[in-house]
Amino acid sequence: MATSTNAKVAQLQEDAKQFTLVKSKSHWQRALDQLRRDYLTLIALAVVLTLAVFAILAPQISQYVTGYRFDEENLSRIFASPSYDHPLGTDEQGRDHLTRLIWGGQVSLGIAFLAAILSLTIGVIFGLMTGYYGGVVDDFMIWFITTLNSIPGLFLLLIVSSVLGPDPINLILVLGLLGWTGTMRLVRGETLALREREFIVAARAMGASDARIMAIHIFPNIISIVIITLAIDIGVLILAESGLSFLGFGIPAYIPSWGNMLTNAQAYFSRAPHLVIMPGLLITITVLCLYVIGDGLRDAFDPTVNS
Amino acid sequence: MKRFTKILFLGTVLALALAMVVPVTAQGPGEGGVVITDNIGGDPSTFIPFIGSDTVSSSVYAWMYPSIIAIDPFTLDNAPNVAQGMASGWEYDETGTVMTLYLREDITWSDGTPITARDYLWAVEAVRSGQTSSPRTSAFTSLADGTPESGSVDSIELIDDYTLRINLGDPVRDEEGNVTGLTPNCIAINDINDVTPVPAHLYEEAFGDDYASIDADPFFVPTATFGPFTDPFFEAGVQVSLIAEPSYPDTQLGYVSPSEWVLLNVPDTTVAYERFLAGEITYTGISADRQNAFRELAADGSYQFFEYADNGYTYMGYNLADPNNPQPGLDENGDIVDQGLHPIFSDILVRQAFAYAIDVPAMIGSRPDGDEPATGILEGNGFPIYTHNSNVSWVDDGLEPYAFDPERALELLAEAGWVDNDGDGLLECNDCLYAREVDPEFNGSPLEFELVTNAGNVIRERTGQTIREQLAEIGVTVNFSAIDFGALVDLLLSQTHDAIIIGWSLGLPFDPDGSWAFSAESDNPGSGFGFTSYNNPELNELWQTATTLPGCDRGERLGLYQEAMRILYEEQPYMWLFSGNVMAAAQGTVENYDPLPLFATWNIDAWNVISDQ
Amino acid sequence: MTRHIIRRLLQAIPTLFGVTLLSYMIMSFAPGGPLATLGLSDPQNLDQETIERLESQYGLNDPWYIQYGRWLVGTDIIFRLPQTGNSTAVEETIERSSPTTSSARSANSQQGCSVLANERRGIVRGDFGCSYKWRRPVFEVIGERLPATIELGIATLFVSLFVGVPLGIGAAITRGRIFDNATRVLAVVFNAVPNFWMGLMLLLVFAFTLGWLPSGGRCERMRVRLPDGSTGGCADVVPIYNRLEYMIMPVFVLAVGGIAGYSRYMRTSMLETINSDYVRTARAKGLSARAVWLNHAARNALIPLATFLGPAVVGILGGAAITETIFSWPGLGRLIVEAVGNRDYPVIMASVVIGATLTVVAYIISDILYALFDPRIRY
């Protein structure tokens, strides 16, 4: 009798497994699962990471793999076609194109990344503060960013970079300091929504300091927004840097960046198309992948999107 | 009779046949088509000739106003009876400081009013008053109120409508700066042409003697002009268009053939070049980096071109004085001022070392030859230049280039006290000139300086990159950047720079005298062109002698200038780089296109742009 | 409704005020110090006495908010300048030290423009000062170039809307199929290409190789006699519908971002509303799919489109700088690039203020449209 009950229980347990309730996953777990199935985003992520690795290793590649410095000229071998010595040919000053592309990646990606981090940091801090405190601070910030947003970005970039000068550091500062308004708005919106939630009210009642609340309770909830914005911002900044180079206000020419390589080479398009195509292709592919990643992340974190 | 008729008949048939085969070309005034050229530089800022200071503006008003003494496009020297020139001859008295200038009596403004000496005098008075923004006040010895200026024209007297008596030369001044006498000067005549004559009757009507109001109306155009084109139409950001002036007499064919001259504003150089190739632009100049490709393209006759060496050069200019404390070369009493030393460039050995370390022939490069590809920055479209001289000069400096010898450069630098003590591959000061004479703490400082040029000039930017890299090979650190031209000029004139790459476009007629760039007199932070702060009394003496040599015989002055050029070559206040190959190009369909060096459009009034039907 | 409009207009004032303040602050950091704003090319050459006289004559010693106030509202009502007596000696010195400035003129002179004139009427009355490079009133200089950019801007807005919205609707309807995927991919790809490169490639292919489209400019270059006797260019005589081929490429480059944005937004928005209750009710009531899609879903999804007008204008003004340079379009974007290169501060400041004003106006219009379209909002 006991065995049949045990067996029935076992059978029931066995059956029950079929109907196991879906374990309620955490926000992150769900997102990761969603991402794992999104092949497009995964490919884009792989591409960007590969490019980033090459960019970071630029000095080593330059020294050990290709054997050229990025400014090493050879005026007797200009516009050379791809060959064994120079797998992607040489540019107008006889510099190795492949080496410069890799260094250019470090410069373009580096500047875009650092500027994006800068603008995100500023945007998050201001967003948290204004969303949390509200009141006069909020009004003032809204007025300030409405003002900043009314001026076309490129105008400001042009003016400020002409005042400050053509330095990579200045470029990072300019791009970063002018790009934080979008993030701030988003973060502020989220903070406003979260501010009145019970757990925040409770924390406050327990005497947690404002900073602690913002850092430990609110911030983790906006990380998803931050990551999405980071991906898209980097893409936008790469394009902005190339636009500034075209107008003559970007990075000094002997320092390669994809933007200024593209600008310099477009005058020689009929003569050496590889000089134009490679930087342009790299910019397009990188920005494309970043947009795809941003989209994919947005879909992953959005609970209303069914897979 | 029968044979005659036959001949007549054949002749007529032949004539008719030829008329059908030979393309119909324009025959008369204003039927030569629209001549279009491109302009990368932006919009003009004025149409008034004595105010203008940029080349875009001058390219427009040059069509409408005569010169008092014009340059002959064939000899490149001042000459009487030249197209659009007023002078018919001149002579000096025995002192050499009084010139009598005779003017052509047959020319009139387009409304029929004769062009007389009064037209020149009106402009002179406007400029000399000092109430306009004209930069040409420097042509005079002093302004209307007695303020001293740097020029040679002291006074002008109207003898009659077609004769002027001009007192000119180097001024001798008393303590107050007033001119008490003049010494003759061989090149003073060039200052006369600085001021352009204007139709006095129309300018008087428009401005009276309120010269200050001229600046308020920069695009004023009188109703009568003198030149092949007139009546400018300025469309901001798009074009400046002038139409043919039918009454202009100094033409090749007896009339002005083109109907319109257009200066098209095209902001991007690549687009401008492509538009020229597509036939939308009639004539243009081809930059050095495109010349080789264009030469091949044009081989089939679809384009015409003409090449000549530029009257000017590109150079790297050093600052020999202390960049943190720019001083004028002379103080109020005319004594030499101690301007301090530049930590690096005050030492002649360093400057000479750089001349050995920089491979200029590699920069000039070579043209493609059969299977050999082009090399260098200019790809063979440039000429070496070693001193302050020009390709159109009557002085042969006879100098040889500094060899490309990095070893020799390092030797000289070591002699100058720059060695690599710590083995890091970079040179540091080890009892260099600056440490010895100014600041012993300077020992150990690296050989590092800022090199600047103007952004947008492709050749200069690339030259700067090459110099930076070549100097890096011997352990010199160069911080190179390209900044906007206005900022560059400010940096230069303020004498706070280290080294810059820039160019000189030398005027015509060519004057081998270099005191405007290499003497203490011209060393004025803020305005003078002597921004190297270089001064050499021996050099000044040579130039002074050559300029004031009685009789102004070129043969006698030749030796003096050659010696001066040799000194400059050795002392290297500039590193002379190269002089460009200018390529003037036009569509193949332009008839009578016949450029002369430096005067591609001298016969533009005869051009005929054939358009296909 | 009117009250709402008035409220929005009043709200715009602090924004415009902020814009002018920001613009002024940036310019005050320009190298050369406050004297540079007078247009002198080298203030170091002046002696101390002249510098002091200049500073007092033009009020450069006053606190920045006073100088800002002068720039804003002028010097004749408030913020008066100290009245110094005879100033010709100062003028002469300035002119001799830097030949590129215009000389100061007497206060009586009416016509034209002098950089050093110290009497202004302030930007609120349209006196933006004098351009250093062209010695003409800045308002005139900008006024010549602004219509060209506005032309491009309006055309771009139209194209973005009338191409982007249908594309988005189509993508939503054909969700998952080729049209949807192709649209999304193309939109993102075109957005990822640097816009100057795209412009140049378009030029090279369509203008120089194929010859189908013109290679630049607003219309065919010409010089014509206008009915009133003056001379004019083609933009004065050729109506816009006859010169559309000149606008095709620049507008395409400018509209790419907008088309991508609008189509994506429409697609997402339609897909959201299609699942909403009122649409399901409509289906349940038996309406055909098409009727549901177009009449209900599309119309409701259109509402927030109005909010894109503001950012779209900002984007167009920014993109115009590069596009106008490549296509030789004589507009405001190119003017600001040239002005930055010439360090022509009056033109730069005025362009920023005018550009921002246009943006603010666009935001106000979009707010009004939003209120008009959304039946839930009633004032």
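1. C:Ala350 counts as buried because it has 26 C-beta neighbours inside 10 Å, and the cut-off for that class is 20 or more. In this predicted model, C:Ala350 sits in helix H15 (residues 345-373) of chain C. Leaving aside residues up to four places away in sequence, C:Ala350 touches C:Phe128, C:Val138 and C:Ile142. From C:Ala350 to C:Ile336 the separation is 14 residues in sequence and 9.5 Å in space, C-alpha to C-alpha.

2. As for A:Leu237, its contacts are A:Ala112, A:Ala115, A:Ala116 and A:Leu175, with residues up to four places away in sequence not counted. As background, nonpolar side chains tend to be buried together in soluble globular proteins.

3. On confidence, the predictor assigns the complex an ipTM of 0.82 and a pTM of 0.86. The average pLDDT of chain C is 77, and 74% of its residues score at least 70. Within chain C, helix H8 (residues 195-209) has the highest confidence, at 90, and helix H5 (residues 88-97) has the lowest, at a mean of 42. Over residues 85-111 of chain C, pLDDT stays under 50; the model has 59 contacts beyond four places in sequence for this stretch.

4. The make-up of chain C is 15 helices and two strands. Of its 379 residues, 45% are buried. Taking the contacts in chain C between residues at least 6 apart in sequence, 68% join residues at least 24 apart.

5. Which residue in the loop between helix H13 (309-326) and helix H14 (332-342) of chain C deserves a look at its backbone? That loop holds C:Ser328. C:Ser328 is not a glycine, yet has a positive phi of about 50 degrees. C:Ser328 is buried, because 25 other C-beta atoms lie within 10 Å.

6. The phi of B:Gln572 is near 50 degrees, a positive value in a residue other than glycine. B:Gln572 belongs to the loop between helix H16 (554-571) and strand S22 (574-587) of chain B. With 24 other C-beta atoms within 10 Å, B:Gln572 is buried.

7. Where in chain B is the peptide bond cis? The bond in question runs from B:Leu508 to B:Pro509, with omega near -5 degrees. B:Pro509 is placed in the loop between strand S21 (499-505) and helix H14 (515-518) of chain B. For reference, most peptide bonds are trans, and most residues other than glycine have a negative phi.

8. The domain assignment divides chain B into domain 1 (11-43 + 236-302 + 588-609), domain 2 (70-192) and domain 3 (312-581). Between domain 1 and domain 3 of chain B, the contact takes six residues from domain 1 and 13 residues from domain 3. The side of domain 1 that touches domain 3 has three nonpolar, two polar and one charged residues. The C-alpha centres of domain 1 and domain 3 of chain B lie 39 Å apart.

9. Two hairpins in chain B can be described. Strand S6 (residues 153-160) and strand S7 (residues 163-168) of chain B pair in the antiparallel sense over six bridges. Two residues form the link of the hairpin from S6(B) to S7(B). B:Val153 has B:Leu168 in S7(B) as its bridge partner.

10. Five residues lie between S8(B) and S9(B), and B:Gly177 in the turn has a positive phi of about 95 degrees. The bridge partner of B:Pro171 in S9(B) is B:Leu182.

11. Between chains A and B, the contact takes 17 residues from chain A and 23 residues from chain B. The side of chain A that touches chain B consists of eight nonpolar, five polar and four charged residues.

Conventions
Residues numbered from 1 in each chain as written. Chains lettered and ligands numbered in written order. Predicted model: local features only at pLDDT ≥ 70, side-chain atom pairs only at ≥ 80, totals over all residues. Contact = placed C-beta atoms within 7 Å. Nonpolar A, V, L, I, M, F, W, Y, C, P; charged D, E, K, R; others polar. Domains from an automatic or database assignment. pLDDT = per-residue confidence, 0-100. Helix = DSSP H or I, 4+ residues; strand = E, 2+ residues; numbered from the N terminus. Pairing = 2+ DSSP bridges. Buried ≥ 20, exposed ≤ 12 C-beta atoms within 10 Å, placed from the backbone.
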